[in-house]
Amino acid sequence: MQQTPVDEAIDIAQLQAEINQQLDHDPDLVFVHIRSTLIAYISGLVDAERIEREITKPLSEAQPTTETLSSHLLTPEVKQTNLFETLIDSLLIGFVMIAEQGERRVLLANLACLPHRNIEQPETESGVRGPREGFTEHLETNVALLRRRLKTDKMRIKTWQIGALSQTEVRLIYLEGIADQEIVDEIMKRLSAIHIDAVLESSYIEEMIRDNPFSIFPTMEYTERPDVVAGALLEGKVSIFTNNTPFVLIAPFQFWSAFQSSEDYYLMFTSATFIRFIRSLSIILALLLPSLYVAITTFHPEMLPTNLLLAVAGAREASPFPAMVEALIMEITFEALREAILRLPRVMGQTVSIVGALVIGQAVVQAGIVSTPMVIVVSVTGIASFMIPRYNMTFSIRIMRLLLLLLAGTLGFVGILLGLFTLALYLTGIRSVGVPYLSPIAPLRLKGLRDFMVRSPHWILDRDLVETSPEADTKRHE
């Protein structure tokens, strides 16, 4: 057995030695001899009961005849090969090799039974109403969860094996006739161009194919909820499933989508619209509140009412630092506390979050390092930032908040306006798989506003044919 077809008959003793040498005598490698037949597999990757029932027992009970070896097997999925590289790759993904002395090809039976966890509710995207199922690390299970929601023959699946060492299976899934074919072709082109040693999580794929790779803003969405993927496909988007991870990538991705929750579509449209307005206000506070406080107290105190100005000045009297330094101290402390909570076990994390916030907040005020109004401002900012549904967008908002804080501390309102103007210009230049990042606002698409700030009723949304770009809309009407 070589990497190219050969005409030599198989010597099972030599074949066993070659496999052992290639896998460095792996202790999980199992060989079974039944008369003149060699069976090889890697334990832990295969179903041992099926091997016994469908391969070992039938071969042991079979009488020597002129029939082919495959006629004695009960397993339905069997292929043949005489390529040694294909044989090794198949063993590593859960195939069982059956080789007969003197034959020119070996049989490979798919009896893979890889360990994986059960379907559970996703912790990162919890909600009051909606499905409680979440993706797992098992690719076939994830695709099955999607098929349960979209029983249509329009679903198309393209497959890649990416990673020279990991050989990770990646699947591109979209709905033919609904997704823009140019977007599909572009993503397929980018996936085919990936050359990497290993893909251990979908973030590897995201970094390799995303637009604006150095941007702090995400241009692809990820989720571990099957209903979110199903809704995205109905909107004409494309999903990328990666084996060994519960997170599925969705493209294209617009800036405004980061502030819309999947639960918006399970609530009454009036309630969902109200929540979106509250969420929008919270996002504005999360981005601008520390900067506004620093700019007002440092450069524009006349904007405050007299009583409020006296109260703030009295609270800051004992603080030895300028307002911008106070804000930086509290922001860094808050970010460190947030990161510590994420890394600690769940039970300890809850204790640290309560004790840390109370102790640190009270200690810095009593020590005169930070004023009480600044603690309030940073606390409100932290609570507002938790309203952002997409976790990857919170990093962008936090980074921009710090940049605006520095501008506010040096230039006041002029710095804030300059920062927001620059941010708006920057966002208009970003694209996600060719789709404008600020769509449907820039460029303006009136049809897209039906599901922007106001969540229209489902009988208006018509989610079957929501275009993902103005270019796609033009093509469909030509």
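1. Residues 277-296 are 100% helix and 0% strand, and their end C-alpha atoms lie 26 Å apart. Here helices (H or I, at least four residues) and strands (E, at least two) are DSSP runs, numbered from the N terminus. The structure is a predicted model, in which local features need pLDDT of at least 70 and side-chain atom pairs count only at pLDDT 80 or more, while totals for chains, interfaces and linings use all residues. Residues are numbered from 1 along each chain as its sequence is written, and side-chain values use heavy atoms, with hydrogens and water left out.

2. The unreviewed UniProt entry lists residues 277-296, 371-391 and 403-427 under "transmembrane region". Its positions are given in the numbering used here, feature names are shortened, and annotations may be inferred rather than shown by experiment.

3. Ser385 belongs to helix α12 (residues 372-385). Ser385 counts as buried because its relative accessibility is 4%; buried means under 20% relative accessible area, exposed over 50%, and partly exposed in between (1.4 Å probe, protein chains only). A polar atom of the Ser385 side chain lies 2.6 Å from the backbone oxygen of Gly382.

4. Beyond its neighbours within four places in sequence, Ser385 is in contact (heavy atoms within 4.5 Å) with Ala286, Arg338, Thr394 and Arg401. Ser385 and Leu287, 98 residues apart in sequence, have C-alpha atoms 8.2 Å apart.

5. Asp211 is placed in the loop between α6 (202-209) and β8 (221-223). With a relative accessible area of 14%, Asp211 is buried. Its side chain makes a polar contact of 3.0 Å with that of Arg190. Such a contact is a pair of N or O atoms within 3.5 Å; within protein, one must be able to donate a hydrogen and the other to accept it, and residues adjacent in sequence count only if both atoms are side-chain atoms. The Asp211 side chain also reaches the backbone nitrogen of Val433 at 2.7 Å.

6. Not counting residues up to four places away in sequence, Asp211 touches Arg190, Thr219, Arg431, Ser432, Val433 and Gly434.

7. Ile399 lies in helix α13 (residues 391-411) and, at 39% relative accessibility, counts as partly exposed.
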